[in-house]
Amino acid sequence: MSEALAAAARAEPSPRRAPDPFDLDLDAAYREWRDRKLSEAPADLSGLRVRVGDPRALTAAEHAALADRCRRANMALYESPLVDADKDIPRLLARQFGLTHLDRNWLADDDGISSVRVAEGGGRGDFIPYTDKPIRWHTDGYYNPPARRIRAMVLHCVRSAPEGGENALLDHEIAYLMLRDADPALVRALMQPDAMTIPARAEGGGIVRPAESGPVFDVDPGTGALHMRYTARTRSVEWKDDPAVRAAAAFLERLLAGPSPHIHRVTLRPGMGLLCNNVLHDRAGFADDPAHPRLIYRARYHDRIPTGGG
Ligand SMILES: [Fe+2]
């Protein structure tokens, strides 16, 4: 074999992947993916729910049912009878879906799983998740640097509030689909590497987090999976000064305001949880019972739940 042939053989791309449906130049691949996505999307919340006996040790059938929801909708809701305050529930559930690399931040408990509840003082009360206030639509970790990208997460409910605390959920692939159907230029605008900037966060005269610029949508080169980085906050976010970006952000805002058959609303009850590939979500405000405060364990991962490509 000549040197040139040997080099070509070495450069041969490894196993062929299906054409990328998120490539704006590949319309046929997109159409095929789009039709399958819409035909398989759960029609309502019941299509996402799976009853399980013990999330820490799923049966093969329970695992398959949750994996199927994740493949179709990037999310699944499990309902279990386990109401203990046990972080092994989300941790061991996640591990069964290949999620092992927890994102650690300074607010998380030492083991990397956050106890999200109303907090007084101690720094956490400055952050909306640790209050009873509503949280606008977002994906988790939109302010993280690329190396700490949140690809999947588990929200596990230990205690719910007597009133409120509902989550709305939307598969980010559906958001992409709606934008691309309306106008591919909207998607192109949001794939720009400087589409959305989260300004630096200063505290006590110093910068505790540098500014993070990045795309809203991008495709993971390793897996071909679509990732979304988004917040509907109007403060602490700078959209690129570009008419197409502004139009796309406005489109997303209208889409998320609903109504849409693809937006699912659920109030997590004790023993229930959400397993997802960091889909779009919000949280309604709630009225807490101070004697039994709402408690959600949140585990964020750098890994992604496999969904079979695309
Ligand atoms: Fe969140």
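# Strands, iron site and aromatic pairs

Strand β5 (residues 152-159) pairs with β16 over four bridges, in the antiparallel sense. The model described here is predicted.

- Strand β16 covers residues 272-276 and is mostly covered, with five of its five residues buried.
- Its side chains point two ways: Met272, Leu274 and Cys276 point one way, Gly273 and Leu275 point the other way, and all of these are buried.

**An open sheet of three strands**

- Strands β11, β8 and β14 form an open sheet in the order β11-β8-β14, and the pairing is antiparallel.
- At the edges are β11 (212-214) and β14 (238-239), each of which pairs on one side only.
- Strand β8 (residues 196-198) is joined to β11 by three bridges, and the two run antiparallel.
- Within that pairing, Met196 has Gly214 in β11 as its bridge partner.

**An open sheet of four strands**

- Another open sheet has four strands in the order β4-β17-β7-β15, again with antiparallel pairing.
- Strands β4 (135-138) and β15 (264-266) stand at the edges with a single partner strand each, so one side of each has no neighbour in the sheet.
- From one strand to the next, the twist averages 15°.
- Three bridges link β7 (residues 167-170) with β15 in the antiparallel sense.
- Asn167 has Val266 in β15 as its bridge partner.

**The iron site**

- The iron ion is coordinated by His138 through NE2, Asp140 through OD and His281 through NE2, at 2.1 to 2.2 Å.
- Along the chain these donors follow the spacing H-x1-D-x140-H.
- His138 has 11% relative accessibility, and because the cut-off for buried is under 20%, His138 counts as buried.
- Asp140 is buried too, with a relative accessible area of 4%.

**Aromatic pairs and cluster**

- The count of aromatic pairs comes to eight.
- One of them joins Phe22 and Tyr176, edge-to-face, with 5.1 Å centre to centre and 85° between the planes.
- Phe22 lies in the loop between α1 (3-11) and α2 (27-40), while Tyr176 lies in helix α5 (residues 172-182), so the pair ties together parts that are 154 residues apart in sequence.
- Phe22 is buried at a relative accessible area of 2%, and Tyr176 counts as buried at 0% relative accessibility.
- In another pair, the rings of Tyr230 and Trp239 have centres 6.1 Å apart and planes at 50°, so this pair is tilted.
- Tyr230 counts as buried at 2% relative accessibility, whereas Trp239 is partly exposed with a relative accessible area of 24%.
- Phe22 and Tyr176 also belong to one aromatic cluster, together with Tyr30, Trp33 and Phe217.

**Charges over rings**

- Tyr30 of the cluster has the charged end of Arg180 over its ring, 3.9 Å from the ring centre.
- The charged end of Arg294 sits over the ring of Phe286, 4.8 Å from the centre of that ring.

Methods. Residues numbered from 1 in each chain as written. Predicted model: local features only at pLDDT ≥ 70, side-chain atom pairs only at ≥ 80, totals over all residues. Heavy atoms only, no water. Buried < 20%, exposed > 50% of the residue type's maximum accessible area, 1.4 Å probe, protein only. Pairing = 2+ DSSP bridges. Axes fitted to C-alpha atoms, helices over the stretch in contact; angles between N-to-C directions. Donors = N, O, S within 2.8 Å, 3.2 Å for Na, K, Ca; no water. Phe/Tyr/Trp six-rings, centres within 6.5 Å; stacked < 30°, edge-to-face > 60°. Lys NZ or Arg CZ within 6 Å of the ring centre and 35° of its normal.
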